Amino acid sequence: MTEQVAVIDIGSNSIRMSIMQVGENHCYRMICQMKEALRLSAQINETGELPAAAVDRMIQVLRAFARQIRLHKVTQVQAVATAALRRAENRDWVLQRITQETGLQVEVISGETEAYYDYLGVIYTVPLEDFVLLDTGGGSSEIVLVQQRKLTARVSIPYGAVVLQERFGDKTEDMIRFLKKAMGEI
């Protein structure tokens, strides 16, 4: 027996969905992928909130995702949000709107959980025994140390490509100094 499973990632730079058909032998086949660049981290205002206009746009995209979920008769949906909603002071209001207007339940995951998911997404696709995994997102970056194919350490830092670009623009030297100091503190 097969089932359709959807995964939604509300990231700081983009929001994406994958719908997969999963067979009894756990093999899967991608049947739908959608992605929209929203740059949510760049839209968080000076009070730390996501403005209503940004939330409206996100809801519009999530409604389109929900239509595809119904069309493909998805039986399981896992929807997660990362750094932008972790940072948003009005995250509870945003999550409530998403549920009310789309029917989707979204879980805001910690940076450490995001790093763990990064590990799971990579470990079965690379033949390496020992490596460092770096996921540079829009609002955060996750660093994972893998030794003998086991996750041995992970950290999430609240600096991603969108956040750093908004803060430093083209002042690369200032950004490098800032990151060296920030990395020395973890």
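A residue counts as buried under 20% relative accessible area, as exposed over 50%, and as partly exposed in between. Lysine 73 has a relative accessible area of 63%, so it is exposed. The model is predicted.

**Backbone**

Lysine 73 lies in the loop that links α2 and β4. Although it is not a glycine, its phi is positive, at about 55°. Arginine 39, another residue other than glycine, also has a positive phi, near 50°. This arginine sits in the loop between β3 (28-37) and α1 (40-43). With a relative accessible area of 33%, arginine 39 is partly exposed.

**Cores**

The largest nonpolar core has 30 residues, and those with the most contacts inside it are Ile8, Ile10, Leu50, Met58, Leu62 and Ile98. At least two residues of this core come from each of β1 (3-10), β2 (14-22), α2 (52-71), β4 (76-81), α3 (83-87) and α4 (91-102). Helix α2 gives the most, with eight residues. Apart from neighbours within four places in sequence, isoleucine 98 is in contact with Ile10, Met58, Ile59, Leu62, Gly103, Leu104 and Val106. In soluble globular proteins, nonpolar side chains tend to be buried together.

**Surface patch**

Tyr116, Tyr117, Leu120 and Tyr124 make a nonpolar surface patch of about 450 Å². Of these, tyrosine 117 belongs to helix α5 (residues 111-123).

**Valine 22 and the cysteines**

Valine 22 is in strand β2. Leaving out neighbours within four places in sequence, valine 22 is in contact with Met1, Thr2, Glu3, Val5, Cys27 and Tyr28. The structure holds zero disulfides.

| Residue | Relative accessible area | Class |
|---|---|---|
| Valine 22 | 21% | partly exposed |
| Cysteine 27 | 47% | partly exposed |
| Cysteine 32 | 11% | buried |
| Tyrosine 117 | 40% | partly exposed |

Cysteine 32 counts as buried because its relative accessibility is 11%, under the 20% limit. Valine 22, at 21%, is partly exposed.

How values were computed. Residues are numbered from 1 along each chain as its sequence is written. This is a predicted model: local features need pLDDT of at least 70, side-chain atom pairs count only at pLDDT 80 or more; totals for chains, interfaces and linings use all residues. Side-chain values use heavy atoms; hydrogens and water are left out. A nonpolar core is a set of buried Ala, Val, Leu, Ile, Met, Phe, Trp, Tyr and Cys residues joined through side-chain atoms within 4.5 Å. Buried means under 20% relative accessible area, exposed over 50%, partly exposed in between (1.4 Å probe, protein chains only). Helices (H or I, at least four residues) and strands (E, at least two) are DSSP runs, numbered from the N terminus. Contact means heavy atoms within 4.5 Å. Patches are made of residues with over 30% relative accessible area and no salt bridge: like charges are joined within 9 Å, nonpolar side chains (Val, Leu, Ile, Met, Phe, Trp, Tyr) within 5 Å. Accessible areas come from the Shrake-Rupley method with a 1.4 Å probe; for residues, only the protein chains shown count as cover. A salt bridge is a side-chain nitrogen of Lys or Arg within 4 Å of a carboxyl oxygen of Asp or Glu. A disulfide is a pair of cysteine sulfur atoms within 2.5 Å.
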